[in-house]
Amino acid sequence: MRSLYADHVLGRLQSLPEGTLQQRLLTCMQAAIVEGIFPRATRLPATRDLARELSVSRNTVLNVYENLMSQGYVTARTGSGTWVAETLPERCLNSPRSDDISLPLIAKRAAISKRGASLLGHANASPYQWGAFVPGAPDVTQFPHKLFSQIQARLNREPDIDRLIYSSNGGCPHLRQALAEYLSVARSVRADADQIIITEGIHQAVDLVTRVLCDPGDMAWIEEPGYWGTRNLLRINGLKIMAMSVDEQGIVPDLPPRTSAPKMIFVTPSHQYPLGVHLSLERRKQLLDLARKHKTWLVEDDYDSEFRFAGQPFPSLQGFEPDAPVIYMGTFSKTLYPALRLGYLVVPKALAQPLRVAAAELYRGGHLLVQRALAEFIQKGHYVAHIRRMRKLYSQRRRFLTRLIERYLGEDFMPRVNHEAGLHLVINLPAGCDDVAVAALALQRGVKVRPLSQYYMHQQERRGLLLGYACVDERQCQDAFGVLRACLIQLEIVGRSESLNLRACGE
């Protein structure tokens, strides 16, 4: 039986067809709290219960609760869930009632498709993209913006016509050539410029290859845990998804009995996301053998391989064997900055022309002036120099955060994977604790961490927190870590210890 809360929310959702499911759910709950329908100082349903009653994903409800907390509508109480705040901030009381939102008649009659509803119901993009400890966020303040702007300004003064029209050949030729040369040296990628297609990031790359190379109903393997963005793109493009477990050697590529071989396998071999392991030599051979045998495409997401702080970098899976059935994806979102919206595909020669044509038909590529500027930025050595600087900075920040974890939480919370690489690390939490509740309480206090459980497609016992350190300087890191530790103490996940000086940790 549904709760009265769920019945009320469902009724209001039907009158708000515009916006994403998460936005509409947030609007409905805000209005119900302001109007007193959800009385002050009363307990809201648990996120899992409300998600089930509304037939939406728990992540959607969790993100709504996080927004309500950050805006002062609700509070979290240790061991007793989420409660409507006893006193609402003045700005909350002045929020518009959902009944007062005028919608055109056509909009009221509009209906989200089943495919669209599925996407919105599994939406997981965070509204927070900066600050301690947002995972995967580079320090965009360190990019040489002045230098890059000078290159752009010079090119803009005498722009070629070819850079002012639509792109139909896979992107700027200069950038494709610069990438072919760079990837050959830095990542052991085997390709020439004609095999490179410029995209607007990893999401567009995944969308392109799945639309062109797969049909609805085809099987795709993903890593478990893995990147939610890939999972949602496969879902909306109609693929069946099988989550394959990840251990200390990477994805376990065992084809279950009486199961059809996948059309695609999505992997992060150099630095698995989010756990951080790398794909072993044996597993690489297994994957390639399976792909050749069953005519499967391996899609390699090499999202942050430039940031390895110790030892030799792991070469790409694409370059592991000649003519490997691998589609290689890369992005400038981590090495430069996300708003640049530039990434790339490296595809086998047989796929280059079909995918270039499909990209032009689907996306009408552009940004050629920026691509030309980036090509010069790479060719003149600025890109490699920037990566070298950031690698040193991120290594220092990772080391600082690791020392805080070891000193103020202890060995049991230390990352299981000690590879010094990437832009985030994962701290362990004891079995059975609620990492979602930890993340929600931390967010209420201004610290943004991601619960590890959200990266699993299926229910898992392992709990942890993703902490991004790249965009956090040492002072901010120390202060934010103190707040996070206080949350762990409040939820009785960490015990108080007289041997720990909390003030030294920013508390």
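Ala, Val, Leu, Ile, Met, Phe, Trp, Tyr, Cys and Pro count here as nonpolar, Asp, Glu, Lys and Arg as charged, and the others, Gly among them, as polar. The legends below describe close-up views of a predicted model.

**View 1. The largest cavity of the predicted model has about 170 Å³ of space.** Its lining is made up of 16 residues, and those closest to the centre of the cavity are I198, T199, Q204, G365 and G366. By class, the lining of this largest cavity holds 6 nonpolar, 9 polar and 1 charged residues. Strand β3 (196-199) and helix α13 (349-363) each contribute at least two residues to the lining. In total, the structure contains 3 cavities of 30 Å³ or more.

**View 2. The second largest cavity has about 110 Å³ of space.** Around this cavity stand 14 lining residues, with L275, G276, V417, L425 and V426 nearest its centre. The strand that gives the most to this lining is β11 (residues 424-429), which supplies 3 residues. The lining of the second largest cavity divides into 7 nonpolar, 4 polar and 3 charged residues.

**View 3. An open sheet is formed by 8 strands with mixed pairing.** The order of the strands is β3-β10-β9-β8-β7-β4-β5-β6. Strands β3 and β6 (250-251) are at the edges and have a single partner strand each, so one side of each lacks a neighbour in the sheet.

**View 4. Strands β8 (residues 297-301) and β9 (residues 326-331) run parallel within the sheet.** The two strands are joined by 4 bridges. What is the bridge partner of E300 in β9? The partner is Y328.

**View 5. Helix α10 (residues 202-213) lies across several strands.** The strands that α10 lies across are β3, β7 (264-267), β8, β9 and β10 (343-346). Relative to β9, helix α10 runs at about 155°.

**View 6. Helix α10 packs with helix α11 (residues 228-236) at an angle of about 35°.** The axes of α10 and α11 are 10 Å apart, and the crossing of α10 past α11 is right-handed. On the α10 side, the contact is made by H203, V206, D207 and T210. On the α11 side, the contact is made by G229, T230, L233 and L234. Sorted by class, the residues of the contact of α10 with α11 are 3 nonpolar, 4 polar and 1 charged.

Definitions and conventions: Residues numbered from 1 in each chain as written. Predicted model: local features only at pLDDT ≥ 70, side-chain atom pairs only at ≥ 80, totals over all residues. Heavy atoms only, no water. 1 Å grid on protein atoms, 1.4 Å probe; cavity = no way out; pocket = protein on both sides within 12 Å on 5 of 7 lines; lining within 4 Å. Points joined across faces, edges and corners; volume = space filled by probe spheres on them. Pairing = 2+ DSSP bridges. Contact = heavy atoms within 4.5 Å. Axes fitted to C-alpha atoms, helices over the stretch in contact; angles between N-to-C directions. Left-handed = near helix turned anticlockwise from the far one by under 90°.
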